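Trainee: I have not seen this structure before. Could we go through it by question and answer?

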Amino acid sequence: MRRRGPGLRLRITLLTTALVAVVSAVLLFLGWTLVGRVFDSSPSFPAGSQVTVDGVNVDVTVLTDALTDAARHDLLQAGLIAFACMVVAAAVLAWTFTGRVLKPLHDVTGAARRLSAESLGSRLRLEGPRDEVAELADTFDAMLDRLEAAFDSQRRFVANASHELRTPLSVVRTELDVTLSDPDADVEELRRMAGVVRAAGERAEQLVSALLLLARTDGIGLAVREPVDLSAVVESAWKAVHAEAEARDLRTVFRCAPALAVGDPALLERIAGNLLENAVRHNHVGGWIETVVETGPQWSVLRVSSSGQLIAPDRVEELFEPFRRGVKDRTSQSGTGLGLSIVRAAVAAHGGFAQAVAVPTGGLSVTVHLPAAPR
């Protein structure tokens with residue numbers, strides 16, 4: 001462990017005491033010098049003049065020197081006593097008041113030492129004057145708020161991810177146990193079991209891939225930055241869900257003008273793909289999808305709107321949280337539940353932002369703003 005020097009309280013006390021000692025010493029020296037000048041500036045007498053002191057004739061020069069020495073001696077004696085008292089008083093007062101001033105800092109330090117993942121709910125809530133120490137305490141409380149929110153989000157994410165990964169594994173284990181425990185299982189039953197296991201494996205693989213993509217885009221910079229036409233990205237992403245949209249008899253409208261955005265082509269295609277997949281899979285039979293791509297001086301915009309379930313406006317923001325599907329529980333729909341989470345993380349990695357609004361007649365409209373490429 002690295003050794004540290006004296007604490008802040010001791011350093012402030014020593015500095016204050018040293019300043020008081022220097023000032024007191026300067027004042028004592030000035031007083032000592034001033035006494036000598038006062039006697040030097042007293043009226044002079046002719047040489048050889050004498051005065052009578054207690055019946056004894058004394059030369060004036062000798063008397064003046066004796067009085068000067070006596071005055072300086074008395075001043076020095078009293079001044080040294082006052083000097084010592086001033087230094088001691090300064091040290092005591094500095095130590096006492098510094099302790100009171102630094103007490104909030106000790107509270108902050110103590111709170112930081114007591115912190116753990118289970119005690120993030122404690123706050124300083126420092127009262128008193130709004131000085132720099134209070135500002136530090138408020139900043140510390142705000143940091144704890146952010147940490148608590150991050151830990152809560154992480155706990156929910158881990159719990160949901162564990163649940164999602166456990167579901168296909170439970171399906172695989174159940175199918176294997178049931179089929180293998182049946183001595184009369186024929187080839188058809190084994191093929192059925194293999195199909196269920198394969199589907200569960202594909203679901204687990206999709207979830208792991210989505211989690212890896214979310215980890216890649218969440219808070220990590222882009223490895224590739226180049227101009228990409230969003231209209232071409234939408235066209236490529238639509239090919240993957242075109243057949244599923246036709247099977248659900250969805251009406252589609254595309255108003256895609258050329259719009260260059262700066263970013264990673266693969267991630268931009270994943271953004272468009274997730275938005276179109278959500279628009280198809282969370283739609284109802286015979287519904288509609290509208291896709292708009294437009295550009296501006298600063299942002300290139302991709303907007304995907306679709307019909308679907310009624311969504312309360314105050315719950316739209318929840319859809320960007322991991323493992324949220326529609327407005328119901330996360331197990332109520334197909335998919336990984338990470339589509340919009342990946343969209344927001346990927347858009348943030350590009351330096352843009354994503355917004356969503358509920359369609360009044362049912363459904364969702366998601367708008368993505370991405371930095372436009374220089375023209």
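Trainee: Is E290 buried, partly exposed or exposed?
Mentor: Keep in mind that this is a predicted model. Buried means under 20% relative accessible area and exposed means over 50%. E290 has 25% relative accessibility, so E290 counts as partly exposed.

Trainee: Which residue forms a salt bridge with E290?
Mentor: Side chains of opposite charge can pair when their charged atoms come close. Here the closest N and O atoms of the pair are 3.0 Å apart, and the partner of E290 is R255.

Trainee: Where do R255 and E290 lie, and how many residues apart are they?
Mentor: The pair links distant parts of the chain. R255 is in strand β4 (residues 251-256) and E290 is in strand β6 (residues 288-295), so the answer is 35 residues apart.

Trainee: Is R255 buried, partly exposed or exposed?
Mentor: The relative accessibility of R255 is 46%. The cut-off for exposed is over 50%. R255 therefore counts as partly exposed.

Trainee: Which helix holds both E277 and R281?
Mentor: E277 forms a salt bridge with R281, with the closest N and O atoms 3.8 Å apart. The two are four residues apart, about one turn of the helix, and both lie in α6.

Trainee: Is E277 buried or exposed?
Mentor: Its salt-bridge partner R281 is partly exposed, with a relative accessible area of 36%. For E277 the relative accessibility is 18%, so E277 counts as buried.

Trainee: Which residues are linked with E277 and R281 in a network of salt bridges?
Mentor: The pair of E277 and R281 is one part of this network.

Trainee: Why are E189 and R192 separated by about one helical turn?
Mentor: E189 and R192 form a salt bridge, the closest N and O atoms being 2.8 Å apart. Both are in helix α4, and the separation is about one turn because they are three residues apart.

Trainee: How many residues of helix α7 are buried?
Mentor: Helix α7 covers residues 339-349 and is mostly covered. Among its buried residues are G339, L340 and V347.

Trainee: Which residue just after α7 takes a positive phi?
Mentor: The phi angle in question is about 85°. The residue is G351.

Trainee: How many salt bridges does a search of the whole structure find?
Mentor: The pairs R255 with E290, E277 with R281 and E189 with R192 have come up already. The search of the whole structure finds ten.

Note on methods. Residues numbered from 1 in each chain as written. Predicted model: local features only at pLDDT ≥ 70, side-chain atom pairs only at ≥ 80, totals over all residues. Heavy atoms only, no water. Buried < 20%, exposed > 50% of the residue type's maximum accessible area, 1.4 Å probe, protein only. Salt bridge = Lys/Arg side-chain N within 4 Å of Asp/Glu carboxyl O.
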